[in-house]
Structure formats: structure tokens, C-alpha cells
Amino acid sequence: MHRFIDGEDRMQQALLPHSLEDYVDGENPVRVLEVFIDELDLTALGFSGMTPAATGRPAYHPSTLLKIYLYGYLNRVQSSRRLEREAQRNIELMWLVGRLAPDFKTIADFRRNNGAAIQSVCRQFVELCRRLFTGAVVAIDGSKFKAVNNRDKNYTVAKVTGRMEQVNASIARYLRALDQADREESDIAEAKSGRLKEKIAGLRRQMQAVKAMEQRVQDAPDQQVSLTDPDARSMATSGKGTATVGYNVQIAVDAEHHLIVAHEVTNQGYDRHQLAPMAFKAQHATGCQQITALADRGYFNGDQVLSCEGTGVAPVVPKTLTSSGTKRGLFTRQDFIYDAEHDHYTCPAGAKLTKAKRRADHTEDFDFYRHLSACFTCPLKSRCTPTKLRRIKRWENEDVLDRMQDRLDRMPEAMGVRRQTVEHPFGTLKAWMGATHFLTRTLDKVRTEMSLHVLAYNLKRMIRIFGVGPLMAAIRT
Ligand code: SF4
């Protein structure tokens with residue numbers, strides 16, 4: 001092939017035989033993996049199989065299997081069967097594990113049996129990066145990741161009821177068709193009648209199965225049953241109006257370097273109980289006593305903000321705008337100015353709303369503020385309340401929320417920073433995972449899988465920030 005670049009002849013003999021080292025240059029990320037894993041104290045991290053058995057076939061060292069997994073997750077090869085193949089043909093992996101090629105079952109068993117230890121390795125890497133965390137702003141967010149469980153294999157009360165209605169409607173339709181067929185007197189009608197009877201019998205069997213499932217769903221603690229992955233749950237996905245059967249992955253990302261400093265996997269479909277736990281995890285992981293935690297409205301929860309008080313965590317979360325008055329164009333709570341010194345609100349008409357006396361049987365932790373006369377003659381009343389008096393409800397720890405609002409007012413860019421920081425890692429992780437997201441089942445295993453993804457993400461991020469050589473030197477020191 002004249003004027004094209006020619007490949008090497010397969011039969012060409014080399015004067016000096018090549019070694020695996022010749023194929024892995026000094027800037028190859030596998031060198032970081034090698035150094036990082038070799039520096040770990042795998043026994044202290046809790047890996048099983050650190051002491052070889054006295055008899056039987058020698059086992060693979062846990063560091064070999066950890067290297068295979070970490071290499072796989074860095075290169076979007078997560079399945080144990082594909083990793084088995086890669087170990088046999090991939091020169092980088094051959095270099096990393098010395099041409100060892102465990103079978104897929106050994107590889108899969110390692111991940112299954114060392115979940116907690118693998119999660120510790122992920123935390124260890126973040127600890128290693130601690131010296132980077134000078135600032136202390138983290139962005140927290142959650143995203144729904146698909147489980148192995150198909151939507152059709154997940155049952156909720158609404159789904160079972162809907163299915164029953166469908167089957168009942170089909171039975172009724174076939175019964176009407178059967179009546180009609182019975183009235184006709186012909187061979188064709190007779191054959192049709194036979195087919196319809198079979199269909200009705202089939203639907204009645206389906207109805208029995210749906211009724212049995214209804215019982216299972218009602219007996220389940222959260223009234224939901226997933227057949228393939230029992231821990232997966234149907235969750236609403238924001239803005240799409242659809243539901244995903246999967247897990248809610250929470251991450252806290254450092255705003256300066258975009259490292260995932262903490263993560264968690266839950267099967268609760270909402271975020272409002274995750275602010276304090278994630279912020280504390282991030283605080284511990286970064287080693288910063290004072291951190292600012294940015295999150296979106298889904299995390300707004302008074303008790304969560306209160307839990308952060310005095311802990312060094314300063315949450316910044318916008319308030320939820322769920323007032324029905326807002327939709328009707330009425331003044332919202334934000335239009336009423338609170339005066340902490342005098343403990344009253346000033347309304348848009350300038351009246352001072354004072355605290356009503358608590359009733360003797362009052363058990364709730366909030367007070368009401370109102371003006372006993374101004375509302376009756378107020379010219380703005382039609383824009384304020386359809387009732388006789390406008391009352392403002394105030395939680396007894398509302399000052400905590402007011403302080404958070406102050407922080408947000410002083411940080412107008414906070415939600416922009418949050419979005420730029422935390423949404424990108426989710427997009428990247430989902431692209432790496434492919435269409436199916438998680439490959440394993442049950443919460444424990446999914447947590448391990450997520451830790452491997454997060455570790456791979458952080459490793460890539462650090463390689464990009466530092467470069468291979470400096471990062472290896474930093475790991476060794
Ligand atoms: S209706 Fe009452 S609370 Fe509302 S603006 Fe008028 S005086 Fe103020």
C-alpha cells in the first residue's frame with residue numbers, strides 16, 4: 001500500500017524481546033493505581049483473604065483483585081465477566097497485575113465479600129486528598145440511579161390497583177364479546193366463544209396473582225415490593241413526571257477541586273432528611289471544622305438545619321415556595337418583615353403583628369402572629385388574606401432559618417456554584433455506568449459499586465489536577 005503508514009509484520013523477530021514495561025509509559029494512570037493500592041494497609045481496611053490458606057490451591061492476593069476492579073471502573077468496564085476478558089488481553093491490566101487473569105467468579109466474589117473494605121478505600125483516598133481542601137464549601141445533591149429491577153417488576157399500591165382495574169376491564173370486555181358470540185349460531189361463533197373462554201380463564205388467573213401481590217404490597221413496611229432487587233424502590237425523578245426504580249445517590253462535592261468528598265446510597269426517594277448527614281460526612285472527610293454546605297430546595301427542612309447549628313456546618317438552602325397564597329397572588333411570608341428585638345412582624349400595610357398567646361393545650365412548636373384590628377380596615381386585604389385576619393406562623397427555632405436566609409442573601413452566587421459543582425459529577429458517573437446504571441442488587445452491594453465509581457471519579461480528577469508523576473509522589477509521602 002504505497003504512501004500509507006505500514007504496520008509491523010507479525011512474524012518480525014525483535015532483537016531484544018519487549019517487556020510489559022515497554023508498553024506502559026510514565027504518564028499512564030495505571031501507575032497511580034499501582035502506587036495507591038500498594039500503599040494501602042489492606043489488612044487494617046478489613047479485606048478478607050489477607051492470610052493465605054495453609055492447604056489447597058493458592059488464592060489471588062486481594063490487592064490484585066482490587067487493582068482489577070479499580071482499573072475496570074476507571075475504564076468503564078464494570079462487569080466481572082468483561083474484567084476477566086480484559087485481564088487476558090489488555091496490556092495495561094497485564095502490567096498492573098503481572099499477567100494474572102482470575103476467572104469472573106473470583107472477581108465477582110471479591111466485590112461481594114469486601115463491600116465495607118472497598119468503601120473504606122474510597123474514604124481513604126479522600127483523606128489522602130485532605131491537604132487540598134483549603135476552602136470549605138461543599139455542594140450536596142442527590143440523583144436517582146436505576147437498579148437492576150425493571151419497572152414492571154416493582155409493585156406499589158397504586159400500580160396493583162391500576163393493574164386490577166385493567167384486568168377487570170378486560171374481563172368485562174371479553175364477557176360482553178362472549179355474550180354476543182353465544183347469541184350467534186355458527187361454527188365460527190362457537191370457535192370464537194371457546195377462545196374467549198380461555199382468555200377469560202387466563203385473566204382470572206392473572207387476577208389471583210395480582211391479588212396475592214396486593215397482599216404482599218400491603219404487608220411490606222413501605223407498601224412497595226421489588227421482585228428482582230428487593231431493596232430498589234420506585235422514585236419520582238425531578239421535572240420528568242416519571243418514576244425510576246432504583247436508588248437515591250447522595251454526594252457532597254468540594255467546590256474548589258470538584259472532588260466527591262462524601263457519598264451515600266439510600267432507597268428513600270426524597271432528599272429532605274439528607275442535609276445534616278451528608279454535611280457531617282463532608283466535614284469529617286475534608287477535616288475542615290467550618291464548612292458551608294450548599295443544597296437545593298429539596299433539602300429544606302427545619303430540623304435538619306437545626307441539627308447543623310453549633311457543629312461548624314453552615315447550611316445554605318433556599319426556602320421551599322409551596323404556599324397556596326403564592327399561586328393566588330397573595331402576599332407571601334417573605335413580604336412580612338420580622339423584628340427579632342421586638343418579636344413582631346411588620347406587614348406590607350405597616351401594621352405590627354404580635355405573638356398570640358399560646359393556648360393551654362398547645363403542643364406544637366410554633367406560634368402565630370396577628371394584628372387584632374388592622375386587617376378589618378386594611379385597603380390591602382384583598383391581596384393579603386381571604387379570612388378575617390392574616391396570621392403568620394413562626395416555628396420556635398425560626399431564627400435558625402433566618403440566619404440561613406441571611407447567609408444565602410450574602411451569597412447570591414450560591415445556587416450557581418452549587419449547580420456547577422455537583423451536577424457535573426452525576427452526569428459523568430451516569431455516562432460511565434451506561435444505560436443500566438447499577439449491575440448489582442441490594443443496598444449493600446450497590447453501595448460498594450457506588451464507592452468504586454466514586455473512587456474512580458476522584459482518581460481521574462486528581463490525575464487531571466496533579467498529573468501522574470506528582471500524584472504518585474504525593475501518595476508515597
Ligand atoms: S390584611 Fe392585615 S396583615 Fe394583611 S396587609 Fe392588611 S393589615 Fe397587614
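Trainee: At what angle do helix α4 and helix α6 pack, and how far apart are their axes?

Mentor: Helix α4 (residues 80-89) and helix α6 (residues 104-113) pack at about 125°, with axes 8 Å apart. Axes are lines fitted to C-alpha atoms, for helices over the stretch in contact, and angles run from 0 to 180 degrees between N-to-C directions. Mind you, this is a predicted model: local features need pLDDT of at least 70, side-chain atom pairs count only at pLDDT 80 or more, and totals for chains, interfaces and linings use all residues. Residues are numbered from 1 along each chain as its sequence is written.

Trainee: Why is α4 called oblique to α6?

Mentor: Angles under 35 degrees count as roughly parallel, over 145 as roughly antiparallel, 65 to 115 as roughly perpendicular and the rest as oblique. The angle is about 125°, so α4 is oblique to α6.

Trainee: Which residues make that contact?

Mentor: Ser80, Arg81, Leu83 and Glu84 of α4 meet Phe104, Ile107 and Ala108 of α6. Being in contact takes C-beta atoms, placed from the backbone, within 7 Å.

Trainee: What makes α3 and α6 roughly perpendicular?

Mentor: The axes of helix α3 (residues 62-74) and α6 cross at roughly 95° and come within 10 Å. That angle is why the two are roughly perpendicular to each other.

Trainee: Which residues of α3 and α6 touch?

Mentor: From α3 we have Pro62, Leu65, Ile68 and Tyr69, and from α6 Ile107, Phe110 and Arg111.

Trainee: How many residues surround the ligand?

Mentor: There are 13, and the closest are Cys347, Cys375, Cys378, Cys384 and Arg390. A residue counts as near if its C-beta atom, placed from the backbone, lies within 6 Å.

Technical notes: Helix = DSSP H or I, 4+ residues; strand = E, 2+ residues; numbered from the N terminus. Contact = placed C-beta atoms within 7 Å.
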